[in-house]
Amino acid sequence: MMALNNSPDTCAICGGELGDTVLVHDRPDRFERAAGVSEADYRRAWAGCRSCGSATNLQQPENLRKLRSIAAQYYEVDFSGSDIGAKYSLVMNLPPNKSDNAGRVDRIIAALKRWDSLRSAKDALSVLDIGAGTGVFLSRFLAQASGDWRGVALEPDPNAAAHLRSLGLCEVRQELFAGQPELSGFKLLTLNKVLEHIQDPKAFLEQVARAIDPAEGLIYVEVPDVMTIGRRPPTDNILGALHCHLYSPAGLMHLLDRVGLVALDIGHVFEPSGKLTVFAFATGAEAAERLATRE
Ligand SMILES: [Zn+2]
């Protein structure tokens, strides 16, 4: 294994051993170029996990440091000066059969319908969307979900947060999720294309698990599918330097299990945009026990 980053031997998702290199990049992507990463002697590689089949992005420490320094502002790079509001309108106006977001909202609403029978106290409904981005998910979810939902959007990017506030849909907090104690008791917590940006997803998910209502909170996770490797060009955004991992369903299952969450549903989604995605619904041990014993 070449010495590319600080912990090259272990899969942070399942704790298993990293194996063969499955893809090598020999030039920086646009985020790295924006962060000042040089083309000279550039190397970045994905290593497959021998145990769960997920892939870990191995990077040169100096390049990783530069990249992390711009990570909070990557919307600047992503939209290269274009308007987040325009991007939002574009996605919101896609017909449902061409919209990844519409499919996601349909999946979550269907799961909530099944989930509703578990809810003992029919008290307030609240959703926390970590990494809310342009707000397309919360917009469509709050418009379509039955019941009176209160939304909270967490988004560290200042421009995206300002755009989210302008929508007037929900409470907007311009911050990263770090297990803030006041963020707790949510009936639904969503992590849409967030976990792949986190180097230690286990520590992160442990904090996430404490933010849901222990008796009946539901977590929805979406991550890029490791199937992307070999089926999309190496220049595809999904294979870029900002992503720490690409997940297999087995890896995501294992990760949820390691943090004491119980997976209710898990699998591949082939999205209308062409993205290959792994999704999961999970709940806490207490809620799973209630489901199992029908108490
Ligand atoms: Zn693994």
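Colleague: Is valine 262 buried, exposed or partly exposed?
Modeller: This is a predicted model, and in it valine 262 is partly exposed, because its relative accessible area is 31%. The cut-offs are under 20% for buried and over 50% for exposed.

Colleague: Where does valine 262 sit?
Modeller: Valine 262 belongs to strand β10, which covers residues 261–270.

Colleague: And which residues form the nonpolar patch on the surface?
Modeller: Val262, Leu264 and Leu291 make up that patch. Together they have about 200 Å² of accessible area.

Colleague: Switching to the metal. What coordinates the zinc ion?
Modeller: Four SG atoms do, from Cys11, Cys14, Cys49 and Cys52, at 2.3 to 2.4 Å. Along the chain these donors have the spacing C-x2-C-x34-C-x2-C.

Colleague: What do cysteine 11 and cysteine 52 tie together?
Modeller: Parts of the chain that are 41 residues apart in sequence, because cysteine 11 is in the segment before β1 and cysteine 52 is in the loop between β2 and β3. Cysteine 11 counts as buried at 1% relative accessibility, and cysteine 52 counts as buried at 8%.

Colleague: What is the geometry at the zinc ion?
Modeller: Tetrahedral, with angles of 98 to 114° among the four donor atoms. For comparison, the ideal angle for four tetrahedral donors is 109.5 degrees.

Colleague: Salt bridges next. How many are there?
Modeller: The count is 16 salt bridges. One of them joins glutamate 216 to lysine 187, with the closest N and O atoms 2.7 Å apart. Glutamate 216 is in the loop between α8 and β8 and lysine 187 in the loop between β6 and β7, so this pair ties together parts 29 residues apart in sequence.

Colleague: Are those two buried or exposed?
Modeller: Glutamate 216 is buried, with a relative accessible area of 3%. Lysine 187 also counts as buried, at 5% relative accessibility.

Colleague: What about lysine 193, what does it form a salt bridge with?
Modeller: Glutamate 271, with the closest N and O atoms 2.9 Å apart. This pair links distant parts of the chain, 78 residues apart: lysine 193 is in the loop between β7 and α8, and glutamate 271 is in the loop between β10 and β11. Both lysine 193 and glutamate 271 are buried.

Colleague: Which residues are linked in a network of salt bridges?
Modeller: Lys193 and Glu271 are among them, along with Arg104, Arg107 and Glu222.

Technical notes. Residues are numbered from 1 along each chain as its sequence is written. This is a predicted model: local features need pLDDT of at least 70, side-chain atom pairs count only at pLDDT 80 or more; totals for chains, interfaces and linings use all residues. Side-chain values use heavy atoms; hydrogens and water are left out. Patches are made of residues with over 30% relative accessible area and no salt bridge: like charges are joined within 9 Å, nonpolar side chains (Val, Leu, Ile, Met, Phe, Trp, Tyr) within 5 Å. Accessible areas come from the Shrake-Rupley method with a 1.4 Å probe; for residues, only the protein chains shown count as cover. A salt bridge is a side-chain nitrogen of Lys or Arg within 4 Å of a carboxyl oxygen of Asp or Glu. Helices (H or I, at least four residues) and strands (E, at least two) are DSSP runs, numbered from the N terminus. Buried means under 20% relative accessible area, exposed over 50%, partly exposed in between (1.4 Å probe, protein chains only). Donors are N, O and S atoms within 2.8 Å of the metal (3.2 Å for Na, K and Ca); water is not among the atoms, so sites may look incomplete. Four donors count as tetrahedral if all angles lie between 85 and 135 degrees; four count as square planar and six as octahedral if opposite donors are over 155 degrees apart and all others between 65 and 115; anything else is irregular.
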